[in-house]
Amino acid sequence: MEPVAFLRRTALGLLGTVLGAALLVVAAHGSELPAASDASGLTLHGPDETLRDYCVAQDGRLWLVLPDGARYELVTSTADEAIANAGDGSFHPFEETQVRAALAAVRYPIGSVSADVFLLPYPRRDGLESAAGPRLILLSPGVRPLTPEHQHAEFIHELGHVVQYARMPDADTDAWTHYREIRGITDVSVYNATAPHADRPHEIFAEDFRALFGGSLANYSGTIENPNLAAPATVAGLSDFMRDLAGVAGPWVSRALACYPNPSIDVVSFARAGGAAVPLEVYDLAGRRVATLQPVAAVGVTTWRWDGRDLSGAPVGAGVFFARVRDGNGALRVTRVR
């Protein structure tokens, strides 16, 4: 959605530290997800926390009050005239586990991007839908339970807005000119900020981000909002351009082993530029081999994927593990939070 007019800054760090040691002794983690600062990088405020710590009742109304002082009235009943469709009569917020899973599936280097993510217990009266601005995402509840696909797609779209503001702000006219040329949206009479929603450049960027770098659930529909535009994956140079905005070609550019996301709750992607395409092995803290991952080689890059299962196919659960490329050129620790 188009940005909301306020800022909020928090720390974000996504790429795991590359440790060129043979083994690391680290403490195992519990099964609970972090409550405040998300291990994957974003600061996530669940609906209960948001209601408790960021909402105040005044004159019979409930207000969302953000740390910068911005205030938004919330609609607390589906019977309110602002709600056109009452659904099942209740509001259903985004689920923290789904938001974290969607973030874990993102394939984009966003280590220097920061944002607070608020899972709203009720929608804003002046903006019923989810919204994003620089360093901030507001995820609005539904009037029926939200499917995992809906949650992943909407959150990653909003994350695309945050990435755009951090990496390609409106003042960067050169980057925007290049993006418009690659994307085929140079006609400003059609593609502009006041155009229909699907023709707004900010929305096109956010959809491109979701389609190119979101996980499978975020792309469950196989489409983007604007059916008149080519599918992002078919646009020559688009993926490279968006990765280049981060100053790197992706989390795999390091010649040392890198992994993303770390910590994780789902699939972990490992990568290394250069070197032989040999298996990567995962060990537990006792030094037992947990998994052997087969490489996927591309031009100058080798990648591996771990779905969190052991050699027998069973989930390994929460804990800290050690990953090492079989040729000895790359090792690091991997944390799983469930």
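## Phenylalanine 213 and its contacts

Phenylalanine 213 touches Ala105, Val106, Arg107, Tyr108, Ser239, Met242 and Arg243, leaving aside residues up to four places away in sequence. Contact here means heavy atoms within 4.5 Å. This is a predicted model: local features need pLDDT of at least 70, side-chain atom pairs count only at pLDDT 80 or more, and totals for chains, interfaces and linings use all residues. Residues are numbered from 1 along each chain as its sequence is written, and side-chain values use heavy atoms, with hydrogens and water left out.

Arginine 243 is one of the touched residues. Phenylalanine 213 and arginine 243 are 30 residues apart in sequence, and their C-alpha atoms are 9.7 Å apart in space. Phenylalanine 213 counts as buried because its relative accessibility is 0%. Buried means under 20% relative accessible area, exposed over 50%, and partly exposed in between, with a 1.4 Å probe and protein chains only.

## Helix α5

Phenylalanine 213 lies in helix α5, residues 201-213. Helices (H or I, at least four residues) and strands (E, at least two) are DSSP runs, numbered from the N terminus. α5 has 13 residues and reaches 18 Å from its first C-alpha to its last. That is close to the 18 Å expected at 1.5 Å a residue. The expected span is 1.5 Å times one less than the number of residues in the helix.

α5 is largely enclosed by the rest of the structure, because 12 of its 13 residues are buried. Among the buried residues are Pro201, His202, Glu203, Asp208, Arg210 and Leu212. Their cover includes α3 (148-167), α4 (173-183) and α6 (238-244).

## Positive phi in two loops

Most residues other than glycine have a negative phi. Aspartate 59 has a positive phi of about 55 degrees, although it is not a glycine. Aspartate 59 sits in the loop between β2 (55-58) and β3 (61-65). Its relative accessible area is 75%, so aspartate 59 is exposed.

Arginine 135 is also a residue other than glycine with a positive phi, near 65 degrees. Arginine 135 belongs to the loop between β6 (131-133) and β7 (136-139). With a relative accessible area of 32%, arginine 135 is partly exposed.

## Alanine 318

Alanine 318 is in the loop between β13 (301-306) and β14 (319-325). Alanine 318 is partly exposed, at a relative accessible area of 29%. Valine 337 is 19 residues from alanine 318 along the chain. The C-alpha atoms of alanine 318 and valine 337 are separated by 4.8 Å.
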